[in-house]
Amino acid sequence: MTFTPASTRRTAIRIASAAAIGAAAAAAALPAAAATAPVKTISMRDDFFVRAANDATITLKKGTIVRFANRGVENHNATVAIGPVKFRSGKILPGGVYRKQVTKTGKYIVVCTIHPGMQVNLRVIK
Ligand SMILES: [Cu+2]
């Protein structure tokens, strides 16, 4: 299949439009109050949650939107094993992101149920 320069241009415009629509849909999915909320990205690799070596617990302010970003090549998930609010991401594909706004203070132990030992501890403070 060959592309003329004109069809290549159209394709590029379509892709840009789809990206804009996707971003708008993602923004609409979050509550209005979340628009100004702080965001903390926690990367997931094969097979661990990325955190500073000397930081056993990641401390977050209540209201923070946590982005669990799968930067590995395997599927992962973020599931609260122990915590004041239970949430489970479901399968996060490589390159995928799961967002969760933490609205209750306390200690959360978040695991990936696919990989035993894959865990991150969160402390949510006022
Ligand atoms: Cu995993």
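# Copper site and sheet

User: How are the donor residues of the copper ion spaced in sequence?

Analyst: The spacing is H-x35-C-x2-H-x2-M. This is a predicted model, where local features need pLDDT of at least 70, side-chain atom pairs count only at pLDDT 80 or more, and totals for chains, interfaces and linings use all residues. Residues are numbered from 1 along each chain as its sequence is written, and side-chain values use heavy atoms, with hydrogens and water left out.

User: Which atoms are the protein donors?

Analyst: His 76 (ND1), Cys 112 (SG), His 115 (ND1) and Met 118 (SD). They lie 2.0 to 2.8 Å from the copper ion. Donors are N, O and S atoms within 2.8 Å of the metal (3.2 Å for Na, K and Ca).

User: Why is the arrangement tetrahedral?

Analyst: The four donor atoms subtend angles of 90 to 134° around the copper ion, which makes it tetrahedral. For four donors, that label needs all angles between 85 and 135 degrees.

User: Is His 76 buried or exposed?

Analyst: Buried, at 0% relative accessibility. Met 118 is buried too, at 1%. Buried means under 20% relative accessible area, with a 1.4 Å probe and protein chains only.

User: Switching to the sheet. What is the strand order?

Analyst: E3-E8-E7-E5, in an open sheet with mixed pairing. Strands are DSSP runs of E, at least two residues. Two strands pair if DSSP finds at least two bridges between them.

User: Which are the edge strands?

Analyst: E3 (57–61) and E5 (79–82), each pairing on one side only.

User: How many bridges join E3 to E8?

Analyst: Five, and the two strands run parallel. Ile 58 has Leu 122 in E8 as its bridge partner.

Notes
Helices (H or I, at least four residues) and strands (E, at least two) are DSSP runs, numbered from the N terminus. Four donors count as tetrahedral if all angles lie between 85 and 135 degrees; four count as square planar and six as octahedral if opposite donors are over 155 degrees apart and all others between 65 and 115; anything else is irregular. Buried means under 20% relative accessible area, exposed over 50%, partly exposed in between (1.4 Å probe, protein chains only).
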